Amino acid sequence: MTETLQLASGAKLPKVGLGFWKIDSEAVPSIVEEAIDVGYRHFDCACDYGNEEAVGRGLSASLNSGRCQREDLWVTSKLWNTYHAPEHVRPALQKTLTDLQLDELDLYLIHFPISLKYVPFEERYPPGWVFDPEQETPQMEFAPVPILETWQAMEELVDEGLIKNIGVCNFNTGLLADLLNGARIRPSVLQIERHPYLVQEKLLKYCQQQKIAVTGFSPLGALSYVPIGMAGTDDSVLSQAVVQDIAKRHGRTPAQVVLRWGVQCETAVIPKTTRRERLVENISIFDFELSDDEMAAISGLDQHRRFNDPGDFGLEAFNTFCPIYD
Ligand SMILES: NC(=O)C1=CN([C@@H]2O[C@H](COP(=O)(O)OP(=O)(O)OC[C@H]3O[C@@H](n4cnc5c(N)ncnc54)[C@H](OP(=O)(O)O)[C@@H]3O)[C@@H](O)[C@H]2O)C=CC1
Ligand SMILES: O=C1CO[C@H](CO)[C@@H](O)[C@@H]1O
């Protein structure tokens with residue numbers, strides 16, 4: 001069973017969760033049940049993953065079969081970029097709740113600090129990044145919505161009991177500071193890309209000061225990114241000698257060492273896998289500890305190397321868009 005991170009709101013976020021990006025809907029319900037059987041209680045979903053309805057079927061089957069109780073689960077979802085206008089936030093959440101077959105979410109995150117043109121559900125769901133790939137220079141279509149207005153709409157949904165915690169993803173320190181200036185309800189969680197190639201030391205420190213918990217996405221080091229990912233390359237975090245040596249010393253796999261490094265940095269991690277043996281492997285990290293030297297050696301792999309920047313994600317599609325990070 002996974003340990004938890006205590007949030008400023010008092011809630012307890014399980015330190016290991018299962019991420020659902022890129023899991024086919026057909027496979028999702030049984031993966032949810034298997035994950036619960038092997039101890040997962042934290043599920044990282046998003047409208048954009050196109051599989052929330054399938055996650056809902058898996059959760060509902062698990063609850064109905066008595067595998068777990070609703071209060072033992074932590075379900076996160078994310079508001080997609082096309083729904084930032086205040087009038088679209090509630091319908092977006094309602095759609096997610098309906099798909100997930102839940103009455104409330106444990107955590108709702110603003111997925112990106114990017115507001116895109118609204119696309120009605122009946123036109124396309126999930127709408128994705130809103131560009132026309134047929135165009136010679138396909139451009140994202142933006143919408144002028146100040147982030148604080150989106151946040152205030154989310155705060156109202158907390159007041160109404162539809163969400164327990166709210167937070168953001170892919171924000172840097174400046175964006176967080178700006179949000180904190182206007183927020184009535186402070187963000188409980190920041191979800192960011194984080195692995196040994198992107199340690200984000202300063203952002204983590206800022207979050208610790210502000211009592212915002214951090215969840216690291218792509219915690220194994222961007223293995224699944226196409227075309228810019230590391231899958232099958234000798235350059236992946238998991239094939240680094242530092243990681244492999246530490247893994248041998250502890251009798252663990254490189255993935256377990258990298259995930260353990262994540263939780264020992266006091267962050268939650270949300271690895272994705274579709275394989276039962278890896279579900280078990282990725283959560284079995286609470287019965288060993290890395291030394292300070294081992295932690296420092298893994299952090300020393302930092303290359304400030306980011307894989308998930310919409311500016312270069314899918315190079316052809318976004319070739320006219322500037323990266324949102326420095
Ligand atoms: N907020 C945001 O903007 C974002 C959030 N996320 C969230 O983070 C989650 C995880 O991110 P993701 O980018 O998938 O990255 P991960 O670091 O979780 O890597 C997933 C890849 O690693 C493989 N893998 C899983 N476990 C192991 C293991 N033990 N040993 C070797 N390989 C392994 C998987 O393959 P296989 O399935 O075959 O096991 C898959 O190819 C997402 O599912 C999503 O929920 C991700 C990106 C952006
Ligand atoms: O979370 C996710 C992973 O990254 C992708 C590209 O930025 C997003 O589209 C997706 O929602």
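Modeller: UniProt positions are given in the numbering used here, and annotations may be inferred rather than shown by experiment. Please note also that this is a predicted model.

Colleague: At which residue does UniProt place the feature "active site", and in which loop is that residue found?

Modeller: According to UniProt, in an unreviewed entry, the feature "active site" belongs to Y49. The segment that holds Y49 is the loop between β4 (42-44) and α2 (52-64).

Colleague: Is Y49 buried or exposed?

Modeller: A residue needs 20 or more other C-beta atoms within 10 Å to be called buried. Y49 has 22 C-beta neighbours inside 10 Å, and therefore Y49 counts as buried.

Colleague: Which residues does Y49 touch, not counting those up to four places away in sequence?

Modeller: Residues up to four places away in sequence are set aside here. What Y49 then touches is F20 and W21.

Colleague: UniProt also places a "binding site" at H111; where does H111 lie, and is H111 buried or exposed?

Modeller: The "binding site" feature at H111 comes from an unreviewed UniProt entry. H111 lies in the loop between β6 (105-110) and α4. Because 20 other C-beta atoms are within 10 Å, H111 is buried.

Colleague: Which residues is H111 in contact with, leaving aside its neighbours within four places in sequence?

Modeller: Sequence neighbours within four places are again left aside. The contacts of H111 are then A46, D48, K78, L79, W80, N81 and C169.

Colleague: How do helices α3 and α4 pack, at what angle and how far apart are their axes?

Modeller: Two packed helices are described by the angle between their axes and the distance between the axes. For α3 (residues 86-100) and α4 (residues 147-159), the axes are 8 Å apart and the angle is about 45°. That angle makes α3 oblique to α4.

Colleague: Which residues of α3 and α4 meet, and what classes do they belong to?

Modeller: From α3 come P86, V89, R90 and L93, which meet E149, T150, Q152, A153, M154 and L157 of α4. By class, this contact has two charged, two polar and six nonpolar residues.

Colleague: Where is D245 found, and how far apart in space are D245 and E294?

Modeller: D245 is found in helix α7 (residues 241-250). With 14 C-beta neighbours inside 10 Å, D245 counts as partly exposed. D245 and E294 are 49 residues apart in sequence, while their C-alpha to C-alpha separation in space is 9.9 Å.

Methods:
Residues are numbered from 1 along each chain as its sequence is written. Chains are lettered from A and ligands numbered from 1 in the order in which they are written. This is a predicted model: local features need pLDDT of at least 70, side-chain atom pairs count only at pLDDT 80 or more; totals for chains, interfaces and linings use all residues. Axes are lines fitted to C-alpha atoms, for helices over the stretch in contact, and angles run from 0 to 180 degrees between N-to-C directions. Helices (H or I, at least four residues) and strands (E, at least two) are DSSP runs, numbered from the N terminus. Angles under 35 degrees count as roughly parallel, over 145 as roughly antiparallel, 65 to 115 as roughly perpendicular and the rest as oblique. Two residues are in contact if their C-beta atoms, placed from the backbone, lie within 7 Å. Ala, Val, Leu, Ile, Met, Phe, Trp, Tyr, Cys and Pro count as nonpolar, Asp, Glu, Lys and Arg as charged, and the others, Gly among them, as polar. A residue is buried if 20 or more other C-beta atoms lie within 10 Å of its own, exposed if 12 or fewer, and partly exposed in between; C-beta atoms are placed from the backbone.
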